[in-house]
Amino acid sequence: MTALRGALATEWLKSRRSRVPWGVAVGFSIAPLIMGLFMVILKDPESARALGLIGAKAQLTAGTADWPTYWSLLGQAVTVGGSILFAFLTAWVFGREFADRTIRGLLASATPRRTIVIAKALVIATWGVAISGWVLLLSLAIGWLIGLPGWSGSVAIQALATIGLAALLTIVLQGMTAFFAGVGHGYIAPLAWAVATVAASQVLAVLGWGAWFPWAVPAILAGAGGAEVEPVGPGGIAMVLLAAVTGIVATIAWWEWADQTG
Amino acid sequence: MSDQAIATEALTKRYRGDVLAVDGVNLRVARGEIYAFLGLNGAGKSTTIRMLLGMIRPTAGHAELFGTRVRPGANDLWRRVGHLVESAAAYPELTVVENLDVARRLAGIEDRRRVDLMIDRLALNAYAGRRAGTLSLGNLQRLALARALLHGPELLVLDEPANGLDPAGVIEIRDLLRDLARHEGVTVFMSSHILGEVDLLATRIGIVHRGRLVEELDSAALEQRRDRRLEVETRDIEAAETALLAAGLTPQRRGDWRLELRDEVALEAPERVAEILVSAGEPPTHLAIARESLEEHFMRLTSGQGAVA
């Protein structure tokens, strides 16, 4: 426990001092701002045209400017954006040890390697939850500021819970990203993996397998697929958890047993 | 308790693609020794060091530190070992103090004063609050050494400890390592390209070539094995050569101006050579016994195939 506490303190210090988690938070904050702007445009397209926010011939098909539409768009933005931004955070937390060649100081140390991996995962999860929470709070504030109609407390709680769950699932799915940061000795492989999973999710969702593909589940859960896509059931959630456990176990196994030449 | 700090048994590493990086290396490093591990680039030094630290798994054989078999999860073992593998590295966004504090926490040391002590010992006081990313190569090396020494290890495994240091820094680190070995009983296992430094510091030397340990000897044995020669320069080299040959010696030409003699009598009584040359009317303008440097010895050994010592 002492070793984990020490590893957590060091990982937290490293992440706090880096610009990357803060950059991810700023990048994520853009999502509710864009959604808010979209709502403003939908609410009053003529004024938006007059102000030059949209082209004269733009046809808006996203829906109506109300809270349910806003929640739906936000869910998609958080899950799709999260897949890339949380992968970016994970690629940095794990990959930087190879890029900065600091990995050597972690391998033959009194703190077990698995403890370091767990500490890194917990720090990523902490940042992920904090950033998601911040984005949801910011979304509420923006929606309230632009005066969206159709507010319902129960719908809002359900939407926030769904988006929160989807964000949480996106975070736990970063295990394999961490694994590829080790195998690829840096940032490129984990980011390539993240892009590949987003692309595969799109294809599998179209083919009707999205609800079973772990990396597509959070977005579908948040309503990204619309009514045509098979909804996510317990089996889909189980697949996400299985992928999460596989990712973290694979990462620990790689750190413990692979030849470390980086 | 094992009296060997390091012991390897037929330590071998074969990488994919059939690259034999380390080939059956048997090392014995006693406690308190300063052991220099020398070799050309790609000779297998870093792979051996990584196997000693559990970073790379041997294909065959094994390594023991203090009688305990090396394996990745041997975390109690790493409490007794400090290391610097290949180049110095630090977290660029953290200050020198923070980098050492990170190492302190990972080493499980509660006492924060160890950080200050190491900053003092490695003369990093002026840079304590500086971010590691802004340090010079020499100061980064000092930081890496401070990190290696932070937990008071019994064994130091150092890859190029003098890398990037200025001449004063090289002397400082040499004195520090010598002091640690002499007064604190710390064993030092180091690789270095600065053979002059090794010559002054190491109590034992191992030379690895193409993955094999081709020579291992202590400083006294090295002294005996070093090539010695009498260098002679005269105004007429041919006349001098003729005179020495007539006296039963075997001079060898080195360029247009110099002769070298390795005959026992010439090395033991160089004044006799002077007498021969004076008698022949070719008094020497230069007469000196030269001792092969470690660098020359190393190059002589690694330029051929080398035989296992």
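Tutor: Helices (H or I, at least four residues) and strands (E, at least two) are DSSP runs, numbered from the N terminus. This is a predicted model, where local features need pLDDT of at least 70, side-chain atom pairs count only at pLDDT 80 or more, and totals for chains, interfaces and linings use all residues. Residues are numbered from 1 along each chain as its sequence is written, while chains are lettered from A and ligands numbered from 1 in the order in which they are written.

Student: Ok, which residues of helix α9 of chain B are buried?

Tutor: In α9(B), residues 237-246, the buried ones are Ala240(B), Ala243(B) and Leu244(B). They cover an arc of only 95° around the axis (taken from the directions from the helix axis to the C-beta atoms), which puts them on the same side of α9(B).

Student: What do the buried residues of α9(B) pack against?

Tutor: They pack against β12 (228-233), β14 (258-261) and α11 (270-279) of chain B. Contact here means C-beta atoms, placed from the backbone, within 7 Å.

Student: Switching to the sheet, what's the strand order?

Tutor: Four strands of chain B form an open sheet, β13-β14-β12-β15, with antiparallel pairing. Two strands pair if DSSP finds at least two bridges between them. β13 (252-254) and β15 (286-291) of chain B are at the edges with a single partner strand each, so one side of each has no neighbour in the sheet.

Student: How many bridges between β13(B) and β14(B)?

Tutor: Three, in the antiparallel sense. Arg254(B) stands opposite Arg258(B) in β14(B).

Student: Where does α11(B) lie?

Tutor: Across β12, β14 and β15 of chain B, at about 150° to β15(B). Axes are lines fitted to C-alpha atoms, for helices over the stretch in contact, and angles run from 0 to 180 degrees between N-to-C directions.

Technical notes. A residue is buried if 20 or more other C-beta atoms lie within 10 Å of its own, exposed if 12 or fewer, and partly exposed in between; C-beta atoms are placed from the backbone. Two residues are in contact if their C-beta atoms, placed from the backbone, lie within 7 Å.
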